[in-house]
Amino acid sequence: MIITQPPDAKLPSLVYPSFASSSHNPFAHSDDRLVAAASEEDFSYPPAQRRSIAVSELPPAYRPPSSITSKQQPRKKRLKRKFRIAIAIILFIYVAACTIVVALLLTGYLKHHSGPPGHYDHEFFVPSSPPGYVPPGALPGDGTASICNAWSDPPYSKRSTILKRTSKPSTSSNSTQTYTTSLQYNLSQNDSFSETMNVFINAGDYAAASGTLTVVSNDELSYPVVDVTMKYRTSDARNASYVCLMTTYNSVGLGLYTSNSSAVEHPSYDIILQLPGSVYINALNTNLPYFTQTIGRWNTVFTSELGLLSLSGPFSPIFVNGVNVTAKNVQAVTSFSAIYGDFTTSQSLTLSTSQAAITVNVSLVRLAGETVPVSLTLTTQDAIVQSNIFLMASQDSLSTDTSYPDFVINATSSKAPVSLAIRHDSNSAPSRFSLLATSKYAPVAVSLDALYEGSFLITSDVGVAYDRDTIPDPTGMGRQRQCLLTCNTNYEIEGTVFWGSTTPDESLMSSVIVETQHAKAAIYLDNDCPAASCLLVPNSDYDS
């Protein structure tokens, strides 16, 4: 079927501008195309190329589908898209940061306000610790905590939300008001205490706590009881501390653990440890670097019997004020604080410091059946050693082995004087002892009572002396005091002193050695001077 175009049909010039004439109109009649072609002047071959039609010039129906890429987008649209992406990233970062901050604040709030695990009893919170719980800063030998921070007014108790408080601890370190709270622990296992148990009070690994410790005896108790009063100024200081009842397989004690952060102000503690008077305490150990430690009260008899009394702390002054504070073995070790008081031991006593004085009265008691000497060691460096030493021994407790004496005494200071006074108790039998007193840059003086029989040696680079006064026989037998010198110079004196006309066996006698280098040294055989004044007693030989 052939469709013919009417002769008068015309196409839009916009669509076919180059076909405006009849000679190039494909729909024109053939006769018309011939006439039109004959009338045109251009008879060249091939005909000239016509202008191509732009897509934008076509009607919408004839335009091809659009294929615009991102690079062909207008610049304004690209900038808007980048701006929207940047806003989305900023919003995401803001939301994430807010989530982290809220989580941290919630964690800190729960830590400081939820309190340790436990239960409520009559609206008071009773904290407890899970099995095997070890507080932060606890020493390896402290064991595990069975209860912590059982304060009388815990901030996380129900009662604290009911009572109307007139004041509240501040969170600022500039607060000047002091708050107090207290607790009490029974240092026992299942309300029982055996003679093989040890008691300890430790300040923990960070050792930032300070305060006082007082140890007393109470005949009404059957197991030790400790009372703690905490003083603090900020809630952060209270919340960052742990006061726990610690237990091991053979010991029970108190642990004080504080934060190691310098930004947290540390609280102070007043501790009173009550020991039963009728129960033997195998050992009492303390490690309190910044505490003042006191054993017993003035003019009060200390009735508790201790196997080992070990007191330590580099900045801890140590005082023994009680009457008859007795332990088989005593160790008091500090570095920058003094040691004062009255000590009694039946086996060994060690008092050691470095930058402070040792001023003590010591009673050494030898018990029947002992096979080793009772020992006393006093050591410091830059401060005086001053001690009155009392020897107590019965006739049946004296050693029958001549290879060692009944007592061994050593006193040493590097840059300060050493002054000792040795006395036998009025009911004591004459005993044998070995004594060594030394210093380098300060005087050394030793006073011996009339019962002393034995050898002595005094050496110094500056000068030496001993007294030679006549005194009566302390036994009332009318014997004469004999003194035999084997060396007598300005820098060394060596000899033997005894009662009677017959020289006794030297293996049955005591020995005393006094040494110094850059100061004078002296022994007082007859002058009964206490340790506090031995260095001041005038003596012609000493002053020469």
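**Reading contacts, cores and strands**

Ile271 touches Ile201, Thr212, Leu213, Thr214, Val226, Asp227, Val228, Leu254, Leu256 and Phe291, leaving aside residues up to four places away in sequence. Contact means heavy atoms within 4.5 Å.

User: What should I know about the model and its numbering?

Analyst: This is a predicted model: local features need pLDDT of at least 70, side-chain atom pairs count only at pLDDT 80 or more, and totals for chains, interfaces and linings use all residues. Residues are numbered from 1 along each chain as its sequence is written, and side-chain values use heavy atoms, without hydrogens and water.

User: How do I read a nonpolar core, and which residues have the most contacts inside the largest one?

Analyst: A nonpolar core is a set of buried Ala, Val, Leu, Ile, Met, Phe, Trp, Tyr and Cys residues joined through side-chain atoms within 4.5 Å. Buried means under 20% relative accessible area, with a 1.4 Å probe and protein chains only. Here the largest core has 83 residues, and Tyr269, Ile271, Leu273 and Val512 have the most contacts inside it. Another core, of 7 residues, lies apart from it; Ala145 and Cys148 are among them.

User: How do I read strand pairing, and in what sense do β15 and β16 run?

Analyst: Strands are DSSP runs (E, at least two residues), numbered from the N terminus. Two strands pair if DSSP finds at least two bridges between them. Strand β15 (residues 326–333) runs parallel to β16, joined by 7 bridges. Val330 has Leu349 in β16 as its bridge partner.

User: Which residue of β18 partners Leu349?

Analyst: Leu376 in β18 is the bridge partner of Leu349. β16 and β18 (residues 374–379) run parallel, with 5 bridges.

Key
Buried means under 20% relative accessible area, exposed over 50%, partly exposed in between (1.4 Å probe, protein chains only). Helices (H or I, at least four residues) and strands (E, at least two) are DSSP runs, numbered from the N terminus.
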